[in-house]
Amino acid sequence: MPGRALHALEGDLEDEPGLAAVGELGVMSLSSLVADVALDLDRSDDTRVLAIGTLGRLGCPEVGPVLRRVLDGGTTLLGRPRLAPKTPVVLAALRVLRALGAQDRESGALLALAADSPDPDVRRAAEGRES
C-alpha cells in the first residue's frame with residue numbers, strides 16, 4: 001500500500017490505485033496534490049471523481065473549497081448562484097459535500113440549489129441517495 005502512494009507521488013497522480021492508496025493511508029501532506037487533481041480540467045472525469053472521493057475520506061481542510069469550486073456554476077443574469085452543469089465530477093462533489101455536511105453558508109446554498117434541481121440525478125446526489 002505505501003508503495004502505491006509513493007508511486008502516486010512520484011507520478012502524476014493519474015494512477016487510480018495510487019490515488020486510492022493515498023486516501024486509505026490518510027496522508028494529509030498529499031491533500032493539496034489530490035485537490036489539484038480534482039480541479040484539473042485536463043484530467044479525466046474518472047480521475048477527478050476518484051480525487052474528490054479521496055479528499056472526502058481524508059477530511060482535509062481543502063475539501064470544502066475544492067467542492068465549492070467544482071460545484072460553482074457562476075450566476076444567472078439576475079445575479080443568483082447557479083450550479084455547474086451536471087457531470088460525473090459534479091455529482092461526486094455533491095455526494096461528498098452531503099456526506100460531510102454543509103459546514104458553511106456557501107456549501108449549504110449549493111446543496112439547497114442541488115436539492116431543488118429539476119434533474120433527478122442532481123437531487124439524488126444532494127440528498128445522499130445513489131442514482
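## A tour of helix 7 and helix 8

Start by selecting residues 105-115, helix 7, and residues 120-127, helix 8: the two pack at an angle of about 140°, and their axes lie 7 Å apart. Axes here are lines fitted to C-alpha atoms, for helices over the stretch in contact, with angles running from 0 to 180 degrees between N-to-C directions. That makes helix 7 oblique to helix 8 (under 35 degrees is roughly parallel, over 145 roughly antiparallel, 65 to 115 roughly perpendicular, and the rest oblique).

A word on the model: it is predicted, so local features need pLDDT of at least 70 and side-chain atom pairs count only at pLDDT 80 or more, while totals for chains, interfaces and linings use all residues. Residues are numbered from 1 along each chain as its sequence is written, and side-chain values use heavy atoms, leaving out hydrogens and water.

Next, show the side chains where the helices touch. From helix 7, pick L111, A114 and A115; from helix 8, they meet V122, R123 and A126 (contact means heavy atoms within 4.5 Å). This contact between helix 7 and helix 8 comprises 5 nonpolar residues, no polar ones and 1 charged.

Now zoom out to the protein chain. You will find 8 helices and 2 strands (DSSP runs, H or I of at least four residues for helices and E of at least two for strands, numbered from the N terminus). Tracing along the sequence gives α-α-α-α-α-β-β-α-α-α.

Finally, colour by burial: of the 131 residues, 39% are buried, meaning under 20% relative accessible area with a 1.4 Å probe, protein chains only.

Conventions:
Ala, Val, Leu, Ile, Met, Phe, Trp, Tyr, Cys and Pro count as nonpolar, Asp, Glu, Lys and Arg as charged, and the others, Gly among them, as polar. Buried means under 20% relative accessible area, exposed over 50%, partly exposed in between (1.4 Å probe, protein chains only).
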